[in-house]
Amino acid sequence: MTPAAHQRAEEWQPVCRIVELAVERGATALVHGQAIAIFRTQDDHVYALGNHDPFAKASVLAKGIVGTREGVPFVASPSHKHAFDLRSGRCLDDTHVSVPAYDVRVVEGVVLVGHRKVDAA
């Protein structure tokens, strides 16, 4: 494997099998040195956000409630109930606040998390 190909492969960290993720429940993982909250929705989309709730100042987003608001998949923090767009990390209740969102793909049933998205949605 060339150095460039090896670096690209390391950008995607395997986290778990998709069947191990409960639908509409969060799970946590340490990815690229960051605490990540991973969510699987009813339609089998998988999303990854930073687990830290900026309002509660605690790592609790994985314990939040997953749902949709006007077609937008979100997780509501268990602390202050602020909703964060699972696609972009933007807070639906305060557009000035966001949490990191990460690229996710599923390959042969394995959830892979990439690096932080630069700008989503």
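Ser77 touches Asp53, Val60, Leu61 and His82, leaving aside residues up to four places away in sequence; a contact here means heavy atoms within 4.5 Å. This is a predicted model, where local features need pLDDT of at least 70 and side-chain atom pairs count only at pLDDT 80 or more, while totals for chains, interfaces and linings use all residues. Residues are numbered from 1 along each chain as its sequence is written, and side-chain values use heavy atoms, with hydrogens and water left out.

**More on Ser77**
- Ser77 sits in the loop between E8 and E9.
- Ser77 is buried, at a relative accessible area of 0%; buried means under 20%, exposed over 50%, and partly exposed in between, with a 1.4 Å probe and protein chains only.
- A polar atom of the Ser77 side chain lies 3.2 Å from the backbone nitrogen of Ser79.
- Ser59 is 18 residues from Ser77 in sequence, and their C-alpha atoms are 9.8 Å apart.

**Overall picture**
- The protein has 1 helix and 11 strands, taken from DSSP runs (H or I, at least four residues, for helices; E, at least two, for strands) and numbered from the N terminus.
- Along the sequence the pattern reads α-β-β-β-β-β-β-β-β-β-β-β.
- Of the 121 residues, 40% are buried.
- Among contacts with a separation of 6 or more, 40% join residues 24 or more positions apart.

**The E7-E8-E9 sheet**
- In the order E7-E8-E9, 3 strands form an open sheet with antiparallel pairing; two strands pair if DSSP finds at least two bridges between them.
- Strands E7 (65-69) and E9 (83-85) are at the edges with a single partner strand each, so one side of each has no neighbour in the sheet.
- E7 and strand E8 (residues 72-76) run antiparallel and are joined by 5 bridges.
- Gly67 stands opposite Phe74 in E8.

**Nonpolar cores**
- The largest nonpolar core has 14 residues, and Phe39, Leu49, Val66, Val75, Phe84, Leu86 and Val99 touch the most other members; such a core is a set of buried Ala, Val, Leu, Ile, Met, Phe, Trp, Tyr and Cys residues joined through side-chain atoms within 4.5 Å.
- Strands E3 (34-40) and E4 (46-50) each supply at least two residues of this core.
- A second, separate core of 12 residues includes Cys16, Leu21, Val31 and Val111.
- Beyond four places in sequence, the residues that Phe39 touches include Arg25, His45, Tyr47 and Leu61.

Terms used. Polar contact = N/O pair within 3.5 Å; in protein donor to acceptor, adjacent residues only side chain to side chain.
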